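Visitor: I would like to learn how to read the features of a model like this one. Could you walk me through it?
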Amino acid sequence: MIEPIRRSTLEERKKWLAEAHYNVFQLKAEQVYIDLLTDSGTGAMSDRQWSELMLGDESYAGATSFYKFEAMAKKIFGMPYFIPTHQGRAAENVLFSYLVKEGNVIPGNAHFDTTKGHIESRKAKAIDVTTDEAKDTQKEVPFKGNVSLEKLEKVLVENKGNVPFMVLTVTNNTVGGQPVSMKNIKDTCALCHKYGVPVVMDSARFAENAYFIKTREEGYADKTIKEIALEMYKDADAMTMSAKKDGVVNMGGFIGTRNKEWYEGAKLFCIPFEGYVTYGGMNGRDLNALAQGLDENTEFDMLHTRIHQVQYLASLLDEYGIPYQRPAGGHAIFVDADKVLTDVPKEEFPAQTLTCELYLEAGIRACEIGYMLADRDPVTRENRFGGLDLLRMAIPRRVYTDNHMKVIAAALKNVYDRRKTITRGVAIEWEAPLMRHFTVQLKRLG
Ligand SMILES: *Cc1c(COP(=O)(O)O)cnc(C)c1O
């Protein structure tokens with residue numbers, strides 16, 4: 001499927017951005033020329049996926065579509081139990097409703113925002129145990145999404161008996177779509193299991209992670225993506241999945257587990273929140289398209305084409321000297337806004353400011369993955385300025401051409417060239433108490 005995209009004038013964009021309170025989530029899609037807000041649910045489905053929609057079985061219980069999905073998920077992840085949900089955060093909601101209690105501590109390699117939200121809203125604590133290498137955007141290491149085993153062990157020792165599970169996110173979205181090595185996955189599972197702590201894999205981009213293992217880790221070059229995926233999940237106890245990413249569907253998610261007790265426990269929350277356990281918030285036709293999407297997106301050629309497009313965009317930024325989280329991630333380029341807008345103070349949200357500037361420049365909508373997203377400490381209510389402040393340009397799957405990448409790079413270069421003229425950022429006028437970045441209202445300073 002293709003759709004026309006619309007050009008706009010600078011005057012129009014200035015007006016629309018002000019109306020959107022300098023928050024690009026509040027823009028209308030038709031006010032956007034190239035949309036890099038997210039790669040979530042924005043991919044183009046294939047001919048075979050569209051065909052599968054026609055075969056959907058909309059029976060309330062026990063639909064053939066569920067069994068088609070379940071068979072594919074079992075084949076790829078090797079787990080016995082699967083529950084569909086309407087998207088990834090719904091999978092988190094269902095599983096965490098069963099597992100997370102007030103006061104619990106849940107370590108993870110940079111929890112995704114909804115994951116952290118589902119932990120903190122239950123008055124539990126999410127502790128980041130990502131390797132320190134991830135914090136240096138200019139350092140080139142192959143597996144920057146890895147868990148620091150030292151940090152993880154410290155959390156496990158200090159919170160004995162109070163850690164219901166650990167979240168291992170592949171790829172590590174928050175630090176820049178950076179992969180986790182097979183060795184690190186295995187070592188992390190072994191360490192957790194030594195302390196009797198199960199591992200839940202947050203799996204949105206598991207296939208991209210498998211691609212990086214194949215192309216970067218010794219001993220995997222000759223294995224298929226499907227063989228690698230199966231090995232990645234061999235030691236994991238459960239998984240949550242946003243199928244909107246590596247399932248290449250517009251909506252969907254699921255939980256998988258090896259643990260029958262967890263399966264039974266999660267079912268009790270699936271039924272009231274999502275629906276009966278063989279559809280869990282999804283249509284039969286969408287389960288069919290998901291089964292097909294999982295199959296296609298665990299083939300090397302599909303992943304190779306996708307990740308090369310992201311790397312092509314990175315090569316253009318290299319030409320222009322624009323700093324981003326290196327090496328390029330699987331689904332996006334994360335521009336290091338702190339290093340671009342060096343005159344905008346932290347308190348004025350440089351990455352959010354850069355997001356506004358890129359939109360004004362060319363109608364390109366990217367996304368802030370920085371101090372705004374990091375939100376406030378749930379106890380002190382202080383802004384969390386300790387992490388990275390990034391502008392994420394996420395590339396939807398099978399949507400844009402390499403020519404679009406050239407336009408994106410040129411627009412960013414124009415902003416980069418005038419960076420010294422940008423000295424003031426934005427200030428918060430209104431924010432929600434949780435996951436504020438979606439709805440925050442800002443004003444432009446200066
Ligand atoms: C997108 C995402 C989620 C949440 O999934 P939704 O489908 O958006 O609800 C959870 N974890 C990671 C790593 C993600 O990228």
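Visitor: How many salt bridges does the count come to?

Guide: First, some ground rules. This is a predicted model, where local features need pLDDT of at least 70 and side-chain atom pairs count only at pLDDT 80 or more, while totals for chains, interfaces and linings use all residues. Residues are numbered from 1 along each chain as its sequence is written, and side-chain values use heavy atoms, with hydrogens and water left out. A salt bridge is a side-chain nitrogen of Lys or Arg within 4 Å of a carboxyl oxygen of Asp or Glu. By this rule the count is 39.

Visitor: Which residue meets Lys68 in a salt bridge?

Guide: The partner is Glu52, at 2.7 Å from N to O. This pair links distant parts of the chain, with Lys68 in helix H3 and Glu52 in helix H2, 16 residues apart. Helices here are DSSP runs of H or I with at least four residues, strands are E runs of at least two, and both are numbered from the N terminus.

Visitor: Why is Glu52 called buried?

Guide: Buried means under 20% relative accessible area, exposed over 50%, and partly exposed in between (1.4 Å probe, protein chains only). Glu52 is buried because its relative accessible area is 14%, whereas Lys68, at 34%, counts as partly exposed.

Visitor: How far apart in helix H7 are Asp187 and Lys183?

Guide: They are 4 residues apart, so about one helical turn separates them. Their side chains meet in a salt bridge at 2.7 Å, N to O.

Visitor: What about empty space? How many cavities does a search of the whole structure find?

Guide: Rolling a probe the size of a water molecule over the atoms shows where empty space is left. On a 1 Å grid over the protein atoms alone, a cavity is a set of points where a 1.4 Å probe fits but cannot get out; a pocket is an open set with protein on both sides within 12 Å along at least five of seven lines; lining residues have an atom within 4 Å of a point. Grid points are joined across faces, edges and corners, and a volume is the space filled by probe spheres set on the points. The search finds 2 cavities of 30 Å³ or more. The largest has a volume of about 60 Å³, and its lining includes Asn23, Glu368 and His437.

Visitor: And what is the volume of the largest pocket?

Guide: About 1,100 Å³. Of its 39 lining residues, Lys116, Ala126, Asp128, Ala374 and Arg384 lie nearest its centre.
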